[in-house]
Amino acid sequence: SDGDEITKELTEAMIGVWDFIKSEGKIEGVDSTNWALDWFGLYPCKREARRMIGLHVQTQNDIIPEPKDFPDTVSHGGWSLDLHDPKGINDPDNRPNTATKVPYLYGTPLRCFVSSNVPNLMFAGRLASFSHVAFGSQRVMATCSTHGQAAGTTAAYSAQYGITP
């Protein structure tokens, strides 16, 4: 399967990097001679999959250079806009990732969690309504947990008062 091939390829790359570190003996002046490899993860994960289209699609323009102030802000993020080259280490002409620092915390509007075309549907975390670039910041677990809290609270409020989000 693709997952097995990806696991094999990533393991080979990781072992190759480890071999370089050990064979070189010094990395940027740090002696690695006595370092030991204790553990590495075996299961690759996809950074992106499906994302829904909400009442608002948050983009990098909502975050930098100055974060927009949304009247319906329900959570905050602050991780860098962390983007990875789809080819990763197999593209020697480009960096495997770029991280654009976010200078401030930024707000995420509730509209990113409310479906634009399916009544009474909400989503949060990695499914929420973000562009590819904004997702590079929104995808981290601590930020995703605030999405879930906001969507859950909104759903409970909507159910209690008989309204749609």
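Author: What follows goes through the salt bridges and then turns to a strand beside them in the account. The model is predicted, and the structure holds four salt bridges, among them the pairs Lys8 with Glu12, Asp72 with Arg111 and Asp82 with Arg139.

In the pair of Lys8 and Glu12, the side chains meet at 3.2 Å, N to O, and because these residues are four apart in helix 1 (residues 2-24), about one helical turn separates them. Lys8 is partly exposed, with a relative accessible area of 47%, and Glu12 also counts as partly exposed, at 48%.

The side chains of Asp72 and Arg111 meet at 2.8 Å, N to O; Asp72 lies in the loop between strand 2 and strand 3 and Arg111 in the loop between strand 6 and helix 2 (132-138), so the pair ties together parts that are 39 residues apart in sequence. Arg111 is partly exposed, its relative accessible area being 28%.

For Asp82 and Arg139, the closest N and O atoms are 2.6 Å apart, and this pair links distant parts of the chain, with Asp82 in strand 4 (residues 81-84) and Arg139 in the loop between helix 2 and helix 3, 57 residues apart. Asp82 counts as buried at 9% relative accessibility, and Arg139 is buried as well, at 13%, since buried means under 20% relative accessible area.

As for strand 6, it pairs with strand 3 (residues 73-77) in the antiparallel sense over four bridges, and Tyr106 is the bridge partner of Gly77.

How values were computed
Residues are numbered from 1 along each chain as its sequence is written. This is a predicted model: local features need pLDDT of at least 70, side-chain atom pairs count only at pLDDT 80 or more; totals for chains, interfaces and linings use all residues. Side-chain values use heavy atoms; hydrogens and water are left out. Two strands pair if DSSP finds at least two bridges between them. Helices (H or I, at least four residues) and strands (E, at least two) are DSSP runs, numbered from the N terminus. Buried means under 20% relative accessible area, exposed over 50%, partly exposed in between (1.4 Å probe, protein chains only).
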